[in-house]
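Biologist: I would like to learn how to read a structure feature by feature, with the general idea before the particular case. Could we look at one together?

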Amino acid sequence: MALFLSLAVSLGLTLALELAFALIWRVERSDLPAVALANLLTNPVVVLCHHGAAWYCPQYLLAATLVLELWAAGTEGVIYRRRSQIARPWTFSLCANLLSYCAGLFI
């Protein structure tokens, strides 16, 4: 149950932060579903793998976190490039993910 709650809270906060960031970035409203979809596809994977790394190989948690976050930013960048009109999709993805990650550190 705790894992499910962690997934739900993480996804909810990520969607709120990254959609708000998209509006600040001046992403067209018609592209907001692409932002939501990208996060729906990547966030649960990252959170589950992060929990797994913390449980099974905590000594590699920092490296695993870096790889997971870069994978998420890359995957989202591909989605934005192919399915949206977001200006500078790779930069947007990296900045949005950095914002979400840093916010998660402070929570």
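This is a predicted model: local features need pLDDT of at least 70, side-chain atom pairs count only at pLDDT 80 or more; totals for chains, interfaces and linings use all residues.

Biologist: Which residues are buried in α1?

Modeller: The general idea concerns the geometry of the helix: an α-helix has 3.6 residues a turn, so residues three or four places apart point the same way. In α1 the buried residues are Leu7, Leu11, Thr14, Glu18, Phe21 and Ala22, and the buried residues of this helix pack against α2, α3 and α4.

Biologist: How many residues does α1 have, and what distance does it reach from its first C-alpha to its last?

Modeller: The helix α1 has 23 residues and reaches 33 Å between those two atoms, which is close to the 33 Å expected at 1.5 Å a residue. Just after α1 comes Arg26, with a positive phi of about 70°.

Biologist: Which residues other than glycine have a positive phi, and where do they lie?

Modeller: Two examples can be read side by side here. Arg26, which is not a glycine, has a positive phi of about 70° and is found in the loop between α1 and α2. Arg88 is also a residue other than glycine, and its phi is positive, near 50°; Arg88 lies in the loop between α3 and α4. As for accessibility, Arg26 has a relative accessible area of 74% and is therefore exposed, while Arg88, with a relative accessible area of 53%, is exposed as well.

Biologist: Let us turn to aromatic side chains: how many aromatic pairs does a search of the whole structure find?

Modeller: The search finds four aromatic pairs. To read such a pair, one looks at the distance between the ring centres and at the angle between the planes, where planes under 30 degrees apart count as stacked, those over 60 as edge-to-face and the rest as tilted. For Phe21 and Trp25 the ring centres are 5.5 Å apart and the planes stand at 45°, so this pair is tilted. Phe21 and Phe92 form a stacked pair, with 5.5 Å from centre to centre and 25° between the planes.

Biologist: Which helices hold Phe21 and Phe92, and how many residues apart are they?

Modeller: Phe21 is in helix α1 and Phe92 is in helix α4, 71 residues apart, so that the pair links distant parts of the chain. Phe21 counts as buried because its relative accessibility is 15%, and Phe92 is buried with a relative accessible area of 0%. Ring pairs also join Phe21, Trp25, Tyr80 and Phe92 into a cluster.

Biologist: Which residues line the second largest pocket, and which helix supplies the largest share?

Modeller: The second largest pocket holds about 180 Å³ of space. Its lining is made up of Leu62, Thr65, Leu66, Glu69, Leu70, Ala73, Leu94, Asn97, Leu98 and Tyr101. The largest share, six residues, comes from α3, and by class this lining has seven nonpolar residues, two polar and one charged.

Biologist: Is Leu98 buried or exposed?

Modeller: Leu98, which lies in helix α4, has a relative accessible area of 53% and is therefore exposed. The C-alpha atoms of Leu98 and Glu18 are separated by 9.9 Å, although these residues are 80 residues apart along the chain.

How values were computed:
Residues are numbered from 1 along each chain as its sequence is written. Side-chain values use heavy atoms; hydrogens and water are left out. On a 1 Å grid over the protein atoms alone, a cavity is a set of points where a 1.4 Å probe fits but cannot get out, and a pocket is an open set with protein on both sides within 12 Å along at least five of seven lines; lining residues have an atom within 4 Å of a point. Grid points are joined across faces, edges and corners, and a volume is the space filled by probe spheres set on the points. Helices (H or I, at least four residues) and strands (E, at least two) are DSSP runs, numbered from the N terminus. Ala, Val, Leu, Ile, Met, Phe, Trp, Tyr, Cys and Pro count as nonpolar, Asp, Glu, Lys and Arg as charged, and the others, Gly among them, as polar. Rings of Phe, Tyr and Trp (its six-membered ring) pair if their centres lie within 6.5 Å; planes under 30 degrees apart count as stacked, over 60 as edge-to-face and the rest as tilted. Buried means under 20% relative accessible area, exposed over 50%, partly exposed in between (1.4 Å probe, protein chains only). The expected span of a helix is 1.5 Å times one less than its number of residues. Contact means heavy atoms within 4.5 Å.
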